[in-house]
Each structure stands twice: as C-alpha cells, then as structure tokens.
Amino acid sequence: MTLSPFLRTQPFERLQVSDGLLINAERWQQAHTYHRERQNVLYQALHQPGIVWGLGVCPIPAPQDIPAQFRDQRWVQIQPGMAIDRMGNPIIVPEPIEFRITSIPDAGRPITVYLVIRYVDPDQLQQVTQREFVRETFRLDEKGTPPDRLDVELCRIVLQYPVTQISAPIEVFSPAPNTLDLRDRVPVGARPLLDIRLAYLTNPGDTSAAPTVQALQRLLQSAPALYPALSGTLESVALADLNHHPQAYDLLYLTARQLAGLLDPSLDILSRYVNQGGSLLVGVPTQGTAVADLWPLQGQLQEALDRLQAVLPQGGARGELTTLQQDLIGDLTGVRSDLEREMDTLTRSVHHFAQRLGIMLESFDRLPPSHPLRTQPFLFATLPLVDQHPLQLWVGNGLLALVGDIPVLWGGEGSPPFSRTMIRELQEWGLNLLQFVGQRRHLTQLLHLSDKEAPLP
C-alpha cells in the first residue's frame with residue numbers, strides 16, 4: 001500500500017482572533033490560505049483527481065487571425081469544463097480554447113503526445129500591476145512524456161509521419177494514428193483505500209513473463225468495477241532496484257524457475273523486502289507437466305464413480321456393479337497418489353526457497369475460515385476450480401506460492417474462453433489476493449518505525 005506523497009503531514013495553523021488584533025496583508029492572506037488548504041486536504045483524503053465534467057477535445061479548422069504558416073489542420077479546441085488535480089485544486093475552463101499540436105514525428109517512428117492541463121496559482125505568477133482580485137488559472141501543455149502527478153490528461157495522440165491533419169477517430173475505442181485518443185482520461189472519483197504497487201522480476205532478454213504480465217494487468221483493470229476501494233499499478237523491477245527501494249512495492253512476482261538461480265545476496269534482499277511488509281508471489285505453472293494430465297483424469301474418475309453410485313440399485317444382485325465400483329476406487333486412489341508425488345516434485349523448489357527464508361508454508365485448505373484470503377473482500381470457502389484443475393496456494397509470512405497458470409486465471413494471452421461466472425469468480429479471488437498483500441504491507445508499516453535502512457552491499 002502506498003500513500004500519496006502530496007498528503008499533508010504538518011498540522012494546520014490558523015489565525016487566533018482577539019479584540020484589538022491588527023489586520024495586515026500577511027495575516028489576511030494567512031487566514032484565507034488556512035481555509036484553502038483545509039479544503040484541498042479534504043479532497044485529497046477522500047477523492048482521486050480527474051475530470052469533473054466537460055473538457056472535451058475536438059479538431060477544428062485553423063483560426064483565421066493567425067499567421068499563414070500556422071494555418072494548417074493541426075488545431076484542436078478544448079471545450080469548457082472542470083477538473084480537480086492531485087493537490088485538490090479546481091481547474092475551471094470557462095470558454096473554448098484553441099490549441100495547435102506542434103510535435104512532428106520522424107519518418108518511420110511514431111511518437112505519442114499528451115495534451116494535459118495543470119492548475120496555476122496566481123500568487124506564483126509575476127504580477128505586473130497590483131489588482132484587487134486575481135483569477136486562478138491553468139496551463140495547457142503538449143508533452144512528449146506521460147503526464148506527471150500534477151497533470152490532468154485531456155487526450156493523447158499517436159503521431160505518425162507524415163502528419164497531414166489531426167482528426168477525430170472513426171471508432172473512439174480504437175483510434176488510428178493522427179487521431180484524438182480520449183480513452184485514458186480519468187474521471188474524478190472516490191479515492192481508493194488501497195493503492196497496490198505490483199512488480200515482476202525481470203531477467204535480461206527474458207520475454208516469457210509477457211503472458212503473466214498481461215494477466216496481472218487485466219486483474220488490476222477489474223478492480224474499479226468489482227472493488228473500487230482498491231487500485232494498483234504494475235511495473236518491472238530488477239533486484240538491484242528492489243534493494244535500494246524495498247518499500248516501493250507491495251507485491252513482487254517471480255517464477256519457480258527464477259528461484260533456482262538466486263544466490264545468497266539476492267536471498268538477503270528478498271528477506272529484507274519481506275520483513276518490511278512486502279509479499280512475494282511465486283508462480284508454479286503446470287502446463288506441460290504430468291500434473292496437467294493427472295488433474296483432469298482424477299476429475300473424470302471421480303465423476304464416473306459418482307454417477308455409478310447414483311444408479312446403484314437398492315437391492316438384488318449387485319456383484320458386477322460393486323466390482324466396477326471397486327475398480328474405479330482403486331484407479332482413483334492410484335491417480336491421487338501419482339498426483340501427490342508429482343505435486344511434491346513440482347513445488348520442491350518453492351518449499352526449499354521458503355526454508356532458506358525461514359518461512360513455514362501452509363496450504364490454503366488449512367487456513368482458518370476468518371483468514372483475509374478467504375473473506376476480504378469476497379467470501380471463498382475453497383479455491384476456484386479452473387478447467388478441472390484445482391488451484392493450490394501455499395501461504396507463509398510474506399510468501400505466496402500459487403500452483404496454476406496465472407495467464408489462464410486472469411485472461412492472459414492464450415487463455416481458454418471461460419464462462420462469465422468463472423471469469424468473475426477468478427477476478428474476485430485475485431482481488432482477495434491483492435487486498436491481502438496491501439493490508440499486510442499497511443499493517444506492517446504501522447508496527448515499525450519509519451526507518452531509512454541502507455541497502456545491502
């Protein structure tokens with residue numbers, strides 16, 4: 001869980017009024033600044049920044065009152081509207097504004113430009129004359145980098161050479177190059193209680209994590225609709241970065257294969273990360289293993305046994321049916337034994353890793369009914385069954401080992417077409433996982449001093 005760096009940490013000071021108080025410009029300004037700052041803090045604490053209404057962007061012909069060299073088809077108009085930035089400042093555009101996109105891409109290399117708006121405090125402007133009233137204002141910018149925390153994005157455009165004109169997209173959900181893209185505008189809303197920062201461990205030249213990264217991103221995308229109290233971001237990280245910023249991420253994803261190559265210095269970094277409230281999610285894929293074949297076989301045998309028991313006659317000669325029943329039970333017992341042996345082999349590296357960190361792992365099935373992974377925010381008595389493959393989760397102090405294919409769970413590339421009910425169930429369980437790691441980080445931070453522990457050498 002991460003908190004906004006803009007949240008106020010100093011107590012407010014207000015003017016103490018008494019009879020005979022001498023009012024000057026400084027005291028008057030301080031009295032009004034007090035109310036402005038309290039209003040901003042209230043917004044920051046309860047809301048997230050974004051667009052309140054309006055501020056549409058549309059292509060227009062070039063204005064006639066400008067020099068001829070700028071009279072082209074690269075003009076847009078920003079419509080009146082209102083936004084609130086991350087500091088809680090209202091940004092009000094009272095009338096349409098004409099703006100020219102000036103960026104020019106190189107041949108063969110598209111660029112993305114961002115049209116953003118930012119609050120401007122009139123007290124920070126150079127005042128030429130003293131006026132009785134000043135108007136709070138704003139600044140429009142065209143940027144070649146993503147918006148920073150004080151910007152409110154109005155639109156973005158992928159510019160592709162040659163840019164003959166800026167136009168509206170034919171389809172707003174799939175804008176073509178050189179057309180306005182409004183899909184990433186953020187509406188104002190309630191501030192999430194948990195802002196989860198996820199990361200995945202990267203190895204140079206390794207692209208195998210792409211399907212998993214896509215699945216985790218889609219899980220995060222489900223949060224606003226299913227559980228608005230949680231939001232999150234996902235980015236890549238190297239162990240060196242984690243060493244210098246162990247508190248920057250709530251959850252670090254790595255694969256069982258990556259565990260095998262960890263040396264003691266890397267282990268120390270991960271141990272320090274876990275002790276400061278971070279959580280490790282280790283993915284143990286089953287595709288291409290004997291477990292992937294044994295799971296459906298176990299399900300088929302169990303289903304056949306259940307059907308047989310349902311049609312057994314209540315009396316009479318049942319010798320042949322009983323023999324078949326015994327055969328099925330024997331086959332099912334053998335498959336379960338093979339499955340248990342293969343699972344032990346599959347998870348051996350994870351349990352060895354847990355021992356090196358001094359962590360005892362416990363199966364999800366043995367967690368108490370009140371455990372957060374079972375109850376917050378959604379109720380789960382058992383883990384979801386995915387295409388006849390029961391998920392398995394091992395939980396320790398800051399370590400979660402998930403036996404299953406994460407790209408399959410949350411819609412990564414190549415995932416099977418699940419029913420709507422199954423998709424929702426998997427998303428809800430994934431949000432339980434994110435809620436758990438966010439709460440763990442938050443509660444751990446509350447129990448410890450704000451230390452600035454130096455990174456390991």
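How are H2 and H11 oriented to each other? The points below work towards that, using a predicted model.

1. **The sheet.** Seven strands form an open sheet with mixed pairing. The order is E14-E13-E15-E16-E21-E20-E17. E14 (230-237) and E17 (362-363) are the edge strands, each with a single partner, so one side of each has no neighbour in the sheet.

2. **The E13-E14 pair.** E13 covers residues 194-201 and pairs with E14 in the parallel sense, over eight bridges. Tyr200 stands opposite Ser236 in E14.

3. **H2 on the sheet.** Helix H2 (residues 210-226) packs on the sheet. H2 touches E13, E14 and E15 (251-255). The direction of H2 makes about 160° with that of E14.

4. **H11 on the sheet.** Helix H11 (residues 420-446) also packs there. H11 touches E13, E14, E15, E16 (279-284), E20 (392-395) and E21 (399-403). Its direction makes about 100° with that of E13.

5. **Helix against helix.** Two packed helices are described by the angle between their axes and the distance between the axes. H2 and H11 pack at an angle of about 95°, with axes 10 Å apart. Angles of 65 to 115 degrees count as roughly perpendicular, so H2 and H11 are roughly perpendicular to each other.

6. **The H2-H11 contact.** H2 contributes Leu219, Leu220, Ser222, Ala223 and Leu226. From H11 come Arg424, Gln427, Glu428, Gly430, Leu431 and Leu434. The residues of this contact divide into six nonpolar, three polar and two charged.

Definitions and conventions. Residues numbered from 1 in each chain as written. Predicted model: local features only at pLDDT ≥ 70, side-chain atom pairs only at ≥ 80, totals over all residues. Heavy atoms only, no water. Pairing = 2+ DSSP bridges. Helix = DSSP H or I, 4+ residues; strand = E, 2+ residues; numbered from the N terminus. Contact = heavy atoms within 4.5 Å. Axes fitted to C-alpha atoms, helices over the stretch in contact; angles between N-to-C directions. Parallel < 35°, antiparallel > 145°, perpendicular 65-115°, else oblique. Nonpolar A, V, L, I, M, F, W, Y, C, P; charged D, E, K, R; others polar.
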